[in-house]
Each structure stands twice: as C-alpha cells, then as structure tokens.
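Trainee: Please pick one part of this model and take me through it closely. I would like to see how its residues are arranged and what surrounds them.

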Amino acid sequence: MKISVVKDILEANDRIARQNRELFDEKGVTVFNLMSSPGAGKTSLLEKTIEAVQGKIRLGVIEGDIQSSQDAERIARFGIPVVQINTGGACHLDGNMIRDTFEEFDFDELDLLVVENVGNLVCPAEFQVGEDFKAMILSVTEGEDKPAKYPLMFHESRVLLINKIDLVPYVDCDVEKIREEALKVNPHLTIFDISCKTGEGLDAWCEWLVETVRKRKSA
Amino acid sequence: MHEMSIAQSLVDILKEEMARHNVHRLRSVKLHVGQLSAIVPESLSFCFNVIVSGTELEGARLDMEIIPLKAFCQDCRENFEVENYTFVCPLCQGTNIRTEAGQDLSIVEMEVD
Ligand SMILES: Nc1nc2c(ncn2[C@@H]2O[C@H](COP(=O)(O)OP(=O)(O)OP(=O)(O)O)[C@@H](O)[C@H]2O)c(=O)[nH]1
Ligand SMILES: [Mg+2]
Ligand SMILES: [Zn+2]
C-alpha cells in the first residue's frame, strides 16, 4: 500500500524556530545567526562589534561550539550576557538548543541577540533557530570558489562579511570576484569588506547593524 | 554531517505516520531532495540505516529524487531553471526572483504493509 505524505523533513525544527521567533518578536529583540567555516573570524567580529556598539544597543550572545567554552570566555570579558552551547558533536545549532538557553537571558534587557553558530560552511544553513536574518563571514584565505561550492549558506544569508582583507596582499584572492560570485547565488546580499585586525570596514557594518536593530524596535 | 539530525527527524515523522495509519512494516520511502539543500544522499542513506537497524523500520529503502532548482522572474514572468546556482533571470537579467522548486527536503510517499 502506498501512502502519500508530503511533509517537510525539517518541519519539527522549523516549528520550534517559529516559536522562538514569536518570543523575540514579543520582546522586540533582533536576532542574527552568524555562520562561517571554522576560523573565518566570527568571534573576532563579535569582539569588535561589541566594542563599537556597546552603549548604543544592549547585546547578548549565544556561542555554539562542538566543544569548549573559549569563545564564551572571550565574549564574557565585555561584561555582556553570554551562554555557551556545546553541541557534543553536532555540526550546527538548531531551534531546540536555542530555546534551551532562554532561562539564562532577560530578554527585556536586550536589543540584540547574536547566535554564533558552529564553524561549518554547510550544515548550519539548513537549520532555522528563530533569527531575523543570517549573516555569514567568508575570509579571503578561503577562495573565490566558495559561493558556487556552498551555495545554500550564501543563498540564505542577508549579509556577507568578507573578512581578513588585510591579508589580500599575501594571498591569491580577488575580493571583487568573491563579491561577483556571491551575488550570483544571492543578488540581494548586503556585503561588507572588513578586517577584524585593522578595523577596516567595521564602522560601516556596525552602523548598518545599529540601524537595523533600531528599525526593528520601532516597527 | 547534519545528515544524522535529518535522518532522525525523518524517522520521527515516519513513525508518526505509520502509527497514524496503523501500519507496521515500511517497505520504502520516497524523498524529494532539493538541489539547493545541502544534503549528501549517500550520507543520509547511511545515517538512516544506522538509526533504523534493529527497529521495525529496518530494511526500509530510501528513494531519493533530486529536484532541480526552478524559479520565476517576477519582473518579466519568465519561468526558468536555475543554472550554476545563479539566481538571475536569464531573460531580463532581473533579480526579483521567486524560487519555485529545488529548495526543500520532503517526504512525498511511503510504501507500507
Ligand atoms: N589577519 C587577520 N586575522 C584575523 C582576522 N579576523 C580574525 N583573524 C584571526 O583568525 C583566527 C580565527 O578567528 P576567530 O574569530 O576565532 O574565528 P571563528 O570563526 O570564531 O572560529 P570558530 O569559532 O573556531 O569557528 C584568529 O587567530 C584571529 O585572530 C582578520 O581580519 N585578519
Ligand atoms: Mg568562534
Ligand atoms: Zn526576468
């Protein structure tokens, strides 16, 4: 006997993500899901961003790693709420893991929650966590071919940060080509060229972020 | 390797559906795997077999059909197949595109006894 079903396999996760989203909406908290391959500079970007926007918006951070609490410790130095999730092997965060951190936050005291996903260019893109938008980092040492090889993450992201541009003189990397390739996969991407080392480009990103958070608050 | 989480969600849904239809043996499942989804079919099969071994679902076959990416241009109303993951209208070069197929990962049919 054949039964036709037609069900999205990720539906259970999507449902939890929607519930998370309802809570964030109710509290007026902007949430973004920060993704990249390991070491592209997610925690570095957060450190620089916190420095620049602290005082303008109230931030909280969820750190996702397979193991260790090193990233959470780096963020805790800024005196903002941060929760470390250890996935114990899983290569991505999902809606459920985010929900499990809720009792650790006072969302009435937050404007922005950043979720640093597990370093991985594939899996995190498939799982919603209840975010307003996804932002991804590609560092210039990773190569121009990445948008075509890992299209889902580029397609799902609203923002692309091209990081480590201070290294451009030392690597065979054409930033213009990265931009071109990324825009093919997602013509609506907002792109920032940045260096977390020299600080180049970070003002534009932080301005955009603060503005996005404010707009959402007043919406 | 997120195929393990996906295989687990799949098994959860299958068990639910089987209970709902009051059937006990699963012969096969048909999945539609969107071209954009980041799933490796072999890896999903492998994880599925690991999870169902020793359960009543053991021996069920996973049939996966890759669904090509199709899109619709909302500016010039052209329907087109997205080639090389380029989400630009081949006719008018517009980017006001709606993806029509090839993004999802879904169960479409189960064969049961
Ligand atoms: N030269 C240079 N190095 C950078 C830049 N941004 C980050 N790094 C270095 O890159 C390495 C990895 O940075 P992290 O911020 O830890 O990267 P991550 O993406 O958080 O890494 P995981 O959480 O492990 O996936 C560190 O040694 C940083 O100092 C940059 O703009 N330029
Ligand atoms: Mg990190
Ligand atoms: Zn068109």
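**Helix H2 of chain B**

Mentor: Start with the outside of the helix: the face of H2(B) turned away from its buried side carries two exposed residues, B:Glu42 and B:Phe46. Keep in mind that this is a predicted model.

Now the dimensions. H2 of chain B runs over residues 41-52, which makes 12 residues. From its first C-alpha to its last it reaches 16 Å, close to the 16 Å expected at 1.5 Å a residue.

Next, the other side. Buried here means under 20% relative accessible area, and exposed means over 50%. By that rule, B:Ser43, B:Leu44, B:Cys47, B:Phe48, B:Ile51 and B:Val52 are buried in H2(B). Seen down the axis of H2(B), these buried residues fall within an arc of 155°, so they line one face of the helix. You can check this in the picture by turning the model until you look along the axis.

The protein donors of the zinc ion (ligand 3) are the SG atoms of B:Cys73, B:Cys76, B:Cys89 and B:Cys92, lying 2.3 Å from the ion. The spacing of these donor residues in sequence is C-x2-C-x12-C-x2-C. B:Cys76 lies in the loop between strands E3 (70-73) and E4 (79-81) of chain B, and B:Cys89 lies in the loop between E4 and E5 (97-101), so the pair ties together parts that are 13 residues apart in sequence. The 4 donor atoms subtend angles of 105 to 115° around the zinc ion (ligand 3), which makes the arrangement tetrahedral.

B:Cys89 is buried, with a relative accessible area of 0%, whereas B:Cys76, at 30%, counts as partly exposed.

Last, chain B has a partner. Its contact with chain A takes 32 residues from chain B and 25 residues from chain A. About 2,600 Å² is buried between the two chains, and carbon and sulfur atoms give 66% of that area.

Note on methods
Residues numbered from 1 in each chain as written. Chains lettered and ligands numbered in written order. Predicted model: local features only at pLDDT ≥ 70, side-chain atom pairs only at ≥ 80, totals over all residues. Heavy atoms only, no water. Helix = DSSP H or I, 4+ residues; strand = E, 2+ residues; numbered from the N terminus. Expected span 1.5 Å × (residues − 1). Buried < 20%, exposed > 50% of the residue type's maximum accessible area, 1.4 Å probe, protein only. Arc of directions from axis to C-beta. Donors = N, O, S within 2.8 Å, 3.2 Å for Na, K, Ca; no water. Tetrahedral: all angles 85-135°; square planar, octahedral: opposite > 155°, others 65-115°. Contact = heavy atoms within 4.5 Å. Buried area = accessible area lost by both parts, 1.4 Å probe.
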